[in-house]
Amino acid sequence: MRYIYHLIVLYLTVHFLWLLFREKKFWKQAGIVLVLIMFLLRLFLVE
Amino acid sequence: MPTRDTREHEEEAAKSLRSFASLRMTKFFFFAALALLVSFLTGREFLSMRADDVILPGPGLTAARALSDYFPALKNTPGDTPVYVFAGDREGGHMLITGGAHPNEPAGYVTSVVLAENIRVARGKVVIIPRANASGFTHSDPQEGSPQRFPIATARGERWFRLGSRVTNPVHQWPDPTIYVNPKGQTLAGIEARNLNRAYPGKAGGNLTEKVAYGIMALIAAERIDIGVDLHESAPEYPVINAIVFHENSADIAATAQMELQAEGLEFRLEASPPNLRGLSHREWGDAAGIRAVLLETPNASHGRLKGKPTVSLILDGRDKYYEKAARLGRLFVPFGPAGIPLKDRVVRHLAGLKAILTALGEVDPEKAMEVESLPPASRVGTEGIGAFLR
């Protein structure tokens with residue numbers, strides 16, 4: 001179950017990284033970073 | 001065949017594209033690095049909550065144990081916690097003192113640390129568990145914005161203490177049931193499944209909190225405890241405050257201690273443990289283990305519902321304008337003036353209460369009399385501060 005959970009978090013993290021790469025507007029990129037931080041913390045098992 | 005103008009145009013377009021791609025990559029790496037940096041800094045700060053405070057037991061310590069020594073199922077779990085034993089040379093009563101059953105009630109925790117770092121027992125035995133719910137110290141109450149820790153100034157610099165949550169960390173015990181039925185069959189809200197002071201007498205195969213409660217009951221049996229004192233705090237708007245809550249088998253001790261405290265100018269009300277309120281230390285230590293059981297409550301503005309901004313100052317100085325107003329409106333059960341109710345005064349009350357209970361035990365049951373030396377005098381803690389009695 002834990003592996004499935006982390007796979008989902010990893011998928012979403014990669015997805016947000018891709019969005020960050022595609023996005024051109026500065027403030028939208030900053031917004032993506034805010035969400036990305038939560039997913040990175042989860043990915044690094046800070047729970 | 002492309003003309004010279006077309007070639008130049010294509011080269012410029014390619015250059016512009018490379019420049020754009022380069023800017024995009026730079027921005028991407030900047031933001032990705034920013035996310036990593038913030039994750040690292042916040043993650044490190046968050047995980048620091050799980051580092052145990054340093055407790056330096058005094059020379060009177062005769063044995064340093066862990067709760068898992070009494071109940072091995074707790075070994076290597078977040079519920080395991082240090083146990084300090086101070087045994088005298090002569091036979092007398094055996095007292096258990098627990099602090100930190102609710103880690104958001106700092107006076108009980110700090111008092112038990114002060115005791116562990118100072119006392120020497122000549123007659124009888126004192127067993128201290130400063131962080132009864134160790135898991136509760138590893139997180140903070142959500143949506144409260146509470147400080148993670150607070151400092152106490154000592155002669156050698158500041159000592160920092162954790163301000164935890166009332167309940168076990170959900171990372172260690174999850175999920176909460178919709179309705180919690182505790183080991184004695186009391187029906188409670190789901191979150192109370194993580195409340196140590198609703199989980200007595202515990203269950204060997206229960207959830208983590210019930211296992212901790214079971215471990216404390218095993219300790220009571222193994223150390224042949226005669227009386228247990230559970231140190232707590234409650235919000236100033238809560239009626240059971242500045243109180244000695246007692247099991248009916250300890251009414252004589254509680255009443256004697258109250259008189260002694262009144263003689264010293266400290267008002268404590270007496271509250272009998274309700275027989276139908278199950279799972280609490282002052283009920284189950286008496287019913288299930290057959291020992292005398294009391295619980296001390298002091299007023300703590302930092303975990304009340306009427307408080308303003310939760311700050312380190314609110315924990316230490318206990319000053320809050322909203323509680324002042326509530327007191328003026330007659331909504332509190334304790335006096336609350338501009339001076340507030342500082343942590344120092346609450347520790348003084350706990351120390352004075354413990355001393356009065358020790359004296360009362362000797363008067364009520366002379367065979368169980370105890371002699372505890374180097375017990376920090378409440379009056380000196382009041383004048384010199386808590387830090388003067390921390391190593």
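A residue is called buried when its relative accessible area is under 20%, exposed when over 50%, and partly exposed in between (1.4 Å probe, protein chains only). By that rule, 54% of the 391 residues of chain B count as buried, while buried residues make up 28% of the 47 residues in chain A. The model is a predicted one, in which local features need pLDDT of at least 70 and side-chain atom pairs count only at pLDDT 80 or more, whereas totals for chains, interfaces and linings use all residues. Residues are numbered from 1 along each chain as its sequence is written, chains are lettered from A and ligands numbered from 1 in the order in which they are written, and side-chain values use heavy atoms, with hydrogens and water left out.

Helices (H or I, at least four residues) and strands (E, at least two) are DSSP runs, numbered from the N terminus. Chain A has 2 helices and 0 strands, and its C-alpha atoms fill a box of roughly 35 × 15 × 10 Å along the principal axes. Chain B comes to 9 helices and 13 strands, with its C-alpha atoms in a box of roughly 115 × 50 × 45 Å, again taken along the principal axes. Contact here means heavy atoms within 4.5 Å. Among the contacts in chain B with a separation of 6 or more, 74% are accounted for by residues 24 or more positions apart.

Helix packing comes next. Two packed helices are described by the angle between their axes and the distance between the axes. The axes are lines fitted to C-alpha atoms, for helices over the stretch in contact, and the angles run from 0 to 180 degrees between N-to-C directions. Angles under 35 degrees count as roughly parallel, over 145 as roughly antiparallel, 65 to 115 as roughly perpendicular and the rest as oblique. A crossing is left-handed if the near helix is turned anticlockwise from the far one by less than a right angle, and right-handed if clockwise.

In chain A, the axes of helix 1 and helix 2 come within 9 Å and cross at roughly 160°. Helix 1 and helix 2 of chain A are therefore roughly antiparallel to each other, and their crossing is left-handed. The residues making this contact include A:Tyr5, A:Phe16 and A:Leu20 of helix 1 and A:Gln29, A:Phe39 and A:Leu43 of helix 2. Sorted by class (Ala, Val, Leu, Ile, Met, Phe, Trp, Tyr, Cys and Pro nonpolar; Asp, Glu, Lys and Arg charged; the others, Gly among them, polar), the contact has 15 nonpolar, 3 polar and 1 charged residues.

In chain B, helix 8 (residues 343-364) packs with helix 4 (residues 251-263) at an angle of about 125°, the axes being 8 Å apart. That angle makes helix 4 of chain B oblique to helix 8 of chain B, and the crossing is right-handed. Among the residues in contact are B:Asp252, B:Ile253 and B:Leu261 of helix 4 and B:Ala352, B:Gly353 and B:Val364 of helix 8. This contact has 9 nonpolar, 3 polar and 3 charged residues.

Helix 8 of chain B also packs with helix 2 of chain B, at about 60° and with the axes 9 Å apart. Helix 2 of chain B is thus oblique to helix 8 of chain B, in a right-handed crossing. The contact includes B:Pro106, B:Val110 and B:Leu115 of helix 2 and B:Leu343, B:Arg346 and B:His350 of helix 8, and its residues divide into 8 nonpolar, 3 polar and 1 charged. For helix 2 (residues 106-116) of chain B, 11 of the 11 residues are buried, so this helix is largely enclosed by the rest of the structure.

Aromatic rings form a further set of contacts. Rings of Phe, Tyr and Trp (its six-membered ring) pair if their centres lie within 6.5 Å, and planes under 30 degrees apart count as stacked, over 60 as edge-to-face and the rest as tilted. The count comes to 13 aromatic pairs over all chains. The rings of A:Phe16 and A:Phe39 have centres 5.1 Å apart and planes at 50°, so this pair is tilted. The pair joins helix 1 (residues 2-22) to helix 2 (residues 26-43) of chain A across 23 residues, and A:Phe16 is buried at a relative accessible area of 16%. B:Phe28 and B:Phe29 form an edge-to-face pair, 5.3 Å centre to centre with 70° between the planes. B:Phe28 is buried, with a relative accessible area of 13%. Ring pairs link A:Trp18, A:Phe21, B:Phe28 and B:Phe29 into a cluster.
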